[in-house]
Amino acid sequence: MNVKFITRTAILLAITLIFQFLKMPQLITGSIVNAMLLIAAGTVGMWSGVIIGLLTPVIAFLVGIMGFPLMIPFIMIGNGVYVILFSTQKNKVIGMILGAVVKFIWLALSVKYIMQLFNVKVPLKIVQAFTTPQLITALIGGILGIIVIALLENYFKKAKEQ
């Protein structure tokens, strides 16, 4: 890891956390967080997006934004899979859709079945938050992320030409 990678990842993490701290509805916050994961991956590199995806649920819990800590590892895995699938596909739209669907399936299975294997009673509110809304926010965030990445790529390309 070099200084540029660490600095850019830290800045994108800070921006992501600012949106989390605003405590807006899940549709808005989730979409923005998902967008930031892909923006980090698309502009800095896959591991930048993965690192942000691993840190955001932990920080959200530590500052009191998320109240069900047992979901942290599942969210971390879901975020990581979302970023990795996006990053490893040549076609970024297909990668984003694939990542969003797999993240949704993982989180839905986690709250509906995997946690029950460990006799964890998941509150209905948590089940509702980690099912269909996850697919919607991952897709909206993915679309936003792809748009921002394209805009930034054009900006940087023009900046180099000058």
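The buried residues of helix 3 (residues 46-62) pack against helix 1, helix 2 and helix 4 (72-88), where buried denotes under 20% relative accessible area with a 1.4 Å probe and protein chains only. The model is predicted, so that local features require pLDDT of at least 70 and side-chain atom pairs pLDDT 80 or more, whereas totals for chains, interfaces and linings use all residues. Residues are numbered from 1 along each chain, and side-chain values use heavy atoms, without hydrogens or water.

Helices are DSSP runs (H or I, at least four residues) numbered from the N terminus. Helix 3 comprises 17 residues and extends 25 Å from its first C-alpha to its last, close to the expected 24 Å, the expectation being 1.5 Å times one less than the number of residues. Its buried positions are Ser 48, Gly 49, Val 50, Ile 52, Gly 53, Thr 56, Pro 57 and Ala 60. Just after helix 3, Gly 64 adopts a positive phi of about 85°.

The axes of helix 2 (residues 26-43) and helix 3 come within 6 Å and cross at roughly 150°, with axes fitted to C-alpha atoms over the stretch in contact and angles running from 0 to 180 degrees between N-to-C directions. The two helices are therefore roughly antiparallel, a term applied to angles over 145 degrees. Contacts (heavy atoms within 4.5 Å) join Leu 37, Ala 40 and Ala 41 of helix 2 to Met 46, Ser 48, Gly 49, Ile 52 and Gly 53 of helix 3.

In helix 1 (residues 3-21), Gln 20 is buried at 9% relative accessible area. Beyond neighbours within four places in sequence, Gln 20 contacts Thr 29, Val 33, Thr 56, Ala 60 and Ile 65.

Conventions: Parallel < 35°, antiparallel > 145°, perpendicular 65-115°, else oblique. Buried < 20%, exposed > 50% of the residue type's maximum accessible area, 1.4 Å probe, protein only.
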